[in-house]
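Here's a quick tour of a protein model for anyone just starting out with structures. Have the 3D view open and follow along.

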Amino acid sequence: MKSFFKERPCLSERELQRYVSHELSPRQAHGVEAHLLDCPLCAAAVEGFTMHPFSAEDEAALKELEIEEMPPRRQRAFGRIWLNRAAAVLLILAGTYAFWQYREATRHQAIFAAYYDPLQPDYLNLRGAAAANALSGKPELQAALKLYKDGDYEGSIVFLERHLNDYPQDIQASLLLASALLGEWQPERAIHLLHQLEETDVAAADLYWLLALAHIQNNELGAAERVLNQVKFQDSRAERAAQLEMELNP
């Protein structure tokens, strides 16, 4: 059976409104949907109506745009074309605004992902007898290091916390825990831990780099910039810190 919209170039404003408002019968709605598959203008208009239902003020504004000299049939056709184009423009603007909002909301996530590299503490650089001596009698730390190297930050956090209960002065393990917390997207816990480490003799470059990244992950870009200015980084870290500051102030 042919749809009663089949031979028409575009749907009317009223038909679009009734479709969006679910006022059509199932057969009529099916006909509209069949037409929308082949008509991007009407499809865009439906999206526009859905995102911005026309009010009485909108209808009054549309009437002011009518061209009185046009014959009634051409007038109606022009009105439909104008309406569809206007709705399409509205949809594009709404989509652009939504995309801009999305980018702003996720900007800190993108920056963090670009600059976060899991910290490589001294434990991970030990080899042979040195590693055996450092890890001897520390099964939780051994398990944590293996999980951390495999990228299982959630598992490594559990074992690092157990290890630190027995060895609270293990600064390297604490830094590793902070890095794992960032890998598991727990910035507030990482920030708290890193501030505690400020009272120790931990390497400032590692501490403040992780702290800056923690603030970025927590969407506190101003705080991250202030942290970066607290220490003078060296070598490749200095270059990355400079690039990061530029990212924070585009």
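How many aromatic pairs does the count come to? The answer is 4 aromatic pairs. Keep in mind that this is a predicted model.

**Aromatic rings**

- A pair of aromatic rings is described by how far apart the centres are and by the angle between the planes.
- Take Phe112 and Trp185: their ring centres are 5.2 Å apart and their planes sit at 85°, so this pair is edge-to-face, since anything over 60 degrees gets that label.
- Phe112 belongs to helix H5 (residues 72-115), while Trp185 is in the loop between helix H10 (171-183) and H11, so their pairing ties together parts that are 73 residues apart in sequence.
- Is Phe112 buried or exposed? Phe112 has 4% relative accessibility, so it counts as buried, because the cut-off for buried is under 20%.
- Trp185, on the other hand, is partly exposed, with a relative accessible area of 40%.
- Next come Tyr148 and Tyr153, whose ring centres are 5.6 Å apart with planes at 70°, so that pair is edge-to-face too.
- Tyr148 counts as buried at 3% relative accessibility, and Tyr153 counts as buried at 14%.
- Phe112 and Trp185 also turn up with Tyr116: these three residues form one aromatic cluster.

**Charges over rings**

- Lys138 has its charged end over the ring of Tyr167, 5.0 Å from the ring's centre.
- Arg162 lies over the face of Phe159, and here the distance to the ring centre is 5.1 Å.

**Two helices crossing**

- Find helix H13 (residues 221-228) and helix H14 (residues 235-248): their axes come within 10 Å and cross at roughly 150°.
- Why is H13 called roughly antiparallel to H14? The crossing angle is roughly 150°, and angles over 145 degrees count as roughly antiparallel, so the pair gets that name.
- The crossing of H13 and H14 is left-handed.
- On the H13 side, the contact is made by Leu221, Ala224, Glu225 and Leu228; on the H14 side, it's Ala241, Leu244, Glu245 and Leu248.

**An exposed residue**

- Glu188 is found in helix H11 (residues 187-197).
- With 58% relative accessibility, Glu188 counts as exposed, because the cut-off for exposed is over 50%.
- Glu188 and Asn218 are 30 residues apart in sequence, and their C-alpha atoms are 7.1 Å apart in space.

How values were computed: Residues are numbered from 1 along each chain as its sequence is written. This is a predicted model: local features need pLDDT of at least 70, side-chain atom pairs count only at pLDDT 80 or more; totals for chains, interfaces and linings use all residues. Side-chain values use heavy atoms; hydrogens and water are left out. Helices (H or I, at least four residues) and strands (E, at least two) are DSSP runs, numbered from the N terminus. Buried means under 20% relative accessible area, exposed over 50%, partly exposed in between (1.4 Å probe, protein chains only). Rings of Phe, Tyr and Trp (its six-membered ring) pair if their centres lie within 6.5 Å; planes under 30 degrees apart count as stacked, over 60 as edge-to-face and the rest as tilted. A charge sits over a ring if NZ of Lys or CZ of Arg is within 6 Å of the ring centre and within 35 degrees of the ring normal. Axes are lines fitted to C-alpha atoms, for helices over the stretch in contact, and angles run from 0 to 180 degrees between N-to-C directions. Angles under 35 degrees count as roughly parallel, over 145 as roughly antiparallel, 65 to 115 as roughly perpendicular and the rest as oblique. A crossing is left-handed if the near helix is turned anticlockwise from the far one by less than a right angle, and right-handed if clockwise. Contact means heavy atoms within 4.5 Å.
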